[in-house]
Amino acid sequence: MGTQFWWFFDAVTAAIVLVAVFLAGRKGFAKTLIMVIGCAASVLLGVALSGAVSNFAYDSAIEHGNVKNIKETLTTTDLSDDTIKYIEGLGYNVKLNDKKITEIFLNGGDINGELYKYVNNINGKTVDTEENFRKNMTQGFAEIMGAMFTEALSDFAGEVVYDKILNDMSKLPKAIALVEAQAQEADVTDYSEAANFLEQTYSADAYKEMISLIAFAAVSLVVLLVVMNISRKMNEGDSIGRMGDIADHVIGGFFGLIEAAVFMLIIAALIKLVVMFGSDDMILFNEQSINKTYVFKHIYKFTDML
């Protein structure tokens, strides 16, 4: 992942602002008023409809499929075994018991704390500081669960889950306890409860955000195209460039800033979708590059509210 082309986003932003201000200032207040109203309407409609669309699309078309795929993946997943392999690969020189790991998981308590006690008791010595062990285990669980969601859903889902667990372990004990409890049943045919909890806890919001961005961009673009067409027809035959009242052109230039802001917000939403679906190897479209920008990063942050 590189950040050397971070300037590209600010350069595009500056170019769009300059062009929009120049064209709108040249036309003046009267000829840009309809376009500005249309820009405002496009954003308002995009925001208003995106939430409803994302909830409807998720509930009707995505949730069931995600839960089904997670259930299928859980039937071939052994969290205890994955955890043992991870801990034994940390260089602590210990051999772990599968039943003990399962017992810790089923308790649904402080998993990292209980694992730390258990690992220290195996050979009767402290293998690491508790702080380092907890950090290692949080990293490990983020990798294990992220890989599981990648297999069940997509790379996008796996990255989302990885980041969520790395930043907050609080809900993971319950999730793992649900999985282990159903795995201990004599005839496991359905992981519905565990799959539903995992989906709602870790991936539902990410998919809703993705649909919301798509809906916002689509609605806003359609409205803008309609308004641009109306504005063009209304201004046909009118001379452009004839110098009139200075205030008229100044206000027109200010309206150009509003137009540019709306265009950039739509572009930011589309770029965020590319970042969400992209890989860590992408040179340009990654969060690190965007965070280095001076201007575009502030526009990009507005997409979090969509």
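The radius of gyration of the protein chain is 26 Å, whereas a compact globule of 306 residues would have one near 19 Å. The model is predicted. Along the principal axes, the C-alpha atoms of the protein chain fill a box of roughly 90 × 40 × 25 Å.

**Secondary structure**
- The protein chain contains 12 helices and zero strands.

**Packing of H9 and H10**
- Two packed helices are described by the angle between their axes and the distance between the axes.
- For helix H9 (residues 192-234) and helix H10 (residues 246-277), the angle is about 145° and the axes lie 10 Å apart.
- The crossing in which H9 passes H10 is left-handed.
- On the H9 side, the contact is made by Ala-206, Glu-209, Met-210, Leu-213, Ile-214, Phe-216, Ala-217, Ser-220, Leu-221 and Leu-224.
- H10 contributes Val-262, Phe-263, Leu-265, Ile-266, Ala-269, Leu-270, Lys-272, Leu-273, Met-276 and Phe-277 to this contact.
- By class, the residues of the contact of H9 with H10 comprise 17 nonpolar, one polar and two charged.

**Second largest pocket**
- The second largest pocket holds about 340 Å³ of space.
- The pocket is lined by 16 residues, of which Leu-23, Lys-27, Met-35, Met-228 and Glu-259 are the closest to its centre.
- Two or more lining residues come from each of helix H1 (7-27), helix H2 (29-74), H9 and H10.
- H1 gives the most to the lining of this pocket, with six residues.
- Nine nonpolar, three polar and four charged residues make up the lining of the second largest pocket.

Notes. Residues are numbered from 1 along each chain as its sequence is written. This is a predicted model: local features need pLDDT of at least 70, side-chain atom pairs count only at pLDDT 80 or more; totals for chains, interfaces and linings use all residues. Side-chain values use heavy atoms; hydrogens and water are left out. Axes are lines fitted to C-alpha atoms, for helices over the stretch in contact, and angles run from 0 to 180 degrees between N-to-C directions. Helices (H or I, at least four residues) and strands (E, at least two) are DSSP runs, numbered from the N terminus. A crossing is left-handed if the near helix is turned anticlockwise from the far one by less than a right angle, and right-handed if clockwise. Contact means heavy atoms within 4.5 Å. Ala, Val, Leu, Ile, Met, Phe, Trp, Tyr, Cys and Pro count as nonpolar, Asp, Glu, Lys and Arg as charged, and the others, Gly among them, as polar. On a 1 Å grid over the protein atoms alone, a cavity is a set of points where a 1.4 Å probe fits but cannot get out, and a pocket is an open set with protein on both sides within 12 Å along at least five of seven lines; lining residues have an atom within 4 Å of a point. Grid points are joined across faces, edges and corners, and a volume is the space filled by probe spheres set on the points. The radius of gyration is taken over C-alpha atoms; the globule rule is 2.2 Å times the number of residues to the power 0.38.
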